[in-house]
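The following note concerns the ligand sites and the domain contact of the structure shown below.

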Amino acid sequence: MTSAETTAERPRLLILYGSQTGCAADMADRVRREAKRRHFRPALFAMDEYDRAQLVNERLAIFVCSTTGQGEEPDNMKKFWRFLMRKDLPKGALAQLRFAVFGLGDSSYEKFNYPGKKLHKRLMQLGAQPYHPRGDGDDQHYLGQDGALDPWLDGVWNVLMQAYPLPAGLSALPDDVLYPWMQFADALDSAIQTTASTSTDRYLATLTRNERVTPHSHFQDVRLLEFQLDNRPFEPGDILDIMPENLESDVNDFLEHTGLVVCADRPFRFRETDPEHRLPSALRGTLTLRDLCRRWLDVFSIPRRSFFEFAAHFTKDPEHAEKLREFNSAAGQDDLYAYCHRMRRTTFEVLQDFRSIEIPLDYLLDVFPLLRPRQFSIASSPTMYPDRVHLLMGVVKYRTRLSTPRTGVCTRWIAQLDPTKQVSVGFRQGTMRLPTQPVPIVLIAPGLGVAPMRSLLQKRIECGQHDNILIFGCRHHAADYYCADEWEQMCGSGMLQLFTAFSRDQDEKRYVQHAIREQAQVLWAAIHTRGGAIYLCGKSTRMPEDVAEALCDVFAEQGGMSLSDAKAYLQGLKRVGRFQQECWD
Ligand SMILES: Cc1cc2nc3c(=O)[nH]c(=O)nc-3n(C[C@H](O)[C@H](O)[C@H](O)COP(=O)(O)OP(=O)(O)OC[C@H]3O[C@@H](n4cnc5c(N)ncnc54)[C@H](O)[C@@H]3O)c2cc1C
Ligand SMILES: Cc1cc2nc3c(=O)[nH]c(=O)nc-3n(C[C@H](O)[C@H](O)[C@H](O)COP(=O)(O)O)c2cc1C
């Protein structure tokens, strides 16, 4: 019996992932590769791309899913999750399925790993049996998600290899065997010529305004952007996601460095070799390498661990190979952190350090992840600016110990775009929603957190609701007091009460928390006496905790409560949607 025949008798292993920013997708692909080495027949899909009707026929599965928003499931898991939650699914619908779930999350969030936990529970309710306890990955672990994934996967393979031992004559494949899941083919040689399909939930928006709103002397370049699109429905509080492109000059450097420049403009297609592992639909047509590098490959972000796993195969320099293998090993994670993550070194910079790496074209999509959309809170109301979307965008630029400043892929690209350029965008529901009743709202907005507040306020004012409070914080009145004229005009017309905190305009630092404590009486009257709702948006570092503490102090002082009762009061507001937050890192 040939090894292929023996493998055909090995069990199929369904691997489904839900991933917002690519980490869970990368881990699911690692599970697929490890399953292949053990001669399982892995079938890998994003949950929403999998034919859900087939789930009742699956015997063995691994689910990998991350958490986004405030404990929400990622976008590419939502339909699958709705399907699992259908009331008409009978209790034993998945009785034939044995499964394991790995959740990715961050324990600094209140709803740590909620989708993974809920998925595990729901699968059991439907009769499926876990063959291994749930794994909970945590960004706070010093090794990141791998800190939990490594031991969890060891456990999974122990169980599965005992349940499905390899037949005599077949052994697990060593680490240096690679499987291509697609081949790079000259488009002129291939039988079918198709053009890449485009997704139906993305739109082309025309950039009509790209204005710097902070002075050049200020450390951060912040842009007020305006996009024009035809009549796309959205609500105040919603998010626009933007699919970035790599800068042409960066792409040229990459093509030169890798030597791919010689065939950069020749049309080609990827040919799939594994029907259970499909190419993203946008890459199924004819492409050029230049276009692939500009619009699809993520070459200028911090590499994931899998990059090192692949790169080690593609160097003939034994020292480089050893170092790259070490970066991929559990023992090498401290070194990898020091070399890559702490410095924020990009994949391209790693390629420049390890010049011996030569990536075969067949493996381009294994080595480099795809660019992913970036999210921005919509800063305008759809009724005040029909067919337009405004964003307030901070251009990401900071320094580490590396000599060149670090820059954000998307914001750097957008910052240099001239108006009239087209950009691929999508809409997603944000976590904040205006109250349905005419109650006061208290908006707490340090820095760029004011973006969605502008949208909420515009909508309120259009609806004639003038009981609005904005607590805004930034560094300097003269530098990053975004949309100051608009707030002051609203105040002048009696539609807004505004309290500001300029942290660096005086000797003592002053933040939104200070303004909250100072306005205790006004806030208590709005929230408690008049039944108002609180909204908080901005960076998710220490800020949300500090604001929550300040609010609790207000409740304790004004409501005559103990601090623990004040905390319970705040929790109560959260539960009924009267304290909503949208915070990002
Ligand atoms: C729901 C939501 C709404 C958002 N709304 C807005 C908004 O309205 N306006 C806005 O400007 N941003 C907003 N953001 C944040 C924005 O999406 C990110 O800043 C985004 O990553 C920028 O994309 P980029 O490609 O330019 O940066 P990337 O290439 O993605 O790099 C960003 C990464 O760089 C790192 N980084 C950034 N600054 C530093 C630093 N000083 N030190 C060390 N590391 C750093 C962080 O790891 C960060 O994740 C929002 C995010 C979410 C999730
Ligand atoms: C905007 C945002 C919101 C998040 N919300 C949560 C959360 O509510 N709970 C949690 O446990 N982790 C949360 N996380 C952490 C992610 O789940 C974690 O970083 C994960 O590795 C991301 O995986 P992905 O790239 O596959 O989406 C959040 C991360 C981001 C960027």
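1. I begin with ligand 2. A backbone N or O atom of asparagine 113 lies 2.8 Å from an oxygen atom of ligand 2. It should be kept in mind throughout that this is a predicted model, and the distances below are computed from it.

2. Two further polar contacts of ligand 2 deserve mention. One of its nitrogen atoms is placed 2.7 Å from a polar backbone atom of glycine 69. An oxygen atom of ligand 2 is 2.5 Å from an N or O atom in the side chain of aspartate 139.

3. A polar backbone atom of glutamine 375 is found 2.6 Å from an oxygen atom of ligand 1.

4. Side chains also approach ligand 1. For arginine 344, an N or O atom of the side chain is 2.9 Å from an oxygen atom of the ligand. For tyrosine 398, the corresponding distance is 3.5 Å, and the ligand atom is a nitrogen.

5. The domain assignment of the protein chain gives four entries: domain 1 (3-163), domain 2 (203-243 + 373-428), domain 3 (248-367) and domain 4 (441-584). Domain 2 is given as two segments, 203-243 and 373-428.

6. How far apart are the centres of domain 2 and domain 4? Taken over C-alpha atoms, the separation is 24 Å. Domain 2 brings 22 residues to the contact, and domain 4 brings 17 residues.

7. Between them, domain 2 and domain 4 bury about 1700 Å², with 61% of this area on carbon and sulfur atoms. The count of salt bridges between the two domains is 0, while 7 residue pairs are in polar contact, both residues at pLDDT 80 or more.

8. On the side of domain 2 that touches domain 4, strand β13 (residues 388-394) gives the most, with 4 residues. The residues of that side divide into 12 nonpolar and 10 polar, with no charged residue.

Conventions: Residues are numbered from 1 along each chain as its sequence is written. Chains are lettered from A and ligands numbered from 1 in the order in which they are written. This is a predicted model: local features need pLDDT of at least 70, side-chain atom pairs count only at pLDDT 80 or more; totals for chains, interfaces and linings use all residues. Side-chain values use heavy atoms; hydrogens and water are left out. Domain bounds come from an automatic or database domain assignment. Contact means heavy atoms within 4.5 Å. Buried area is the accessible area (1.4 Å probe) that two parts lose on being put together, summed over both. A salt bridge is a side-chain nitrogen of Lys or Arg within 4 Å of a carboxyl oxygen of Asp or Glu. A polar contact is a pair of N or O atoms within 3.5 Å; within protein, one must be able to donate a hydrogen and the other to accept it, and residues adjacent in sequence count only if both atoms are side-chain atoms. Helices (H or I, at least four residues) and strands (E, at least two) are DSSP runs, numbered from the N terminus. Ala, Val, Leu, Ile, Met, Phe, Trp, Tyr, Cys and Pro count as nonpolar, Asp, Glu, Lys and Arg as charged, and the others, Gly among them, as polar.
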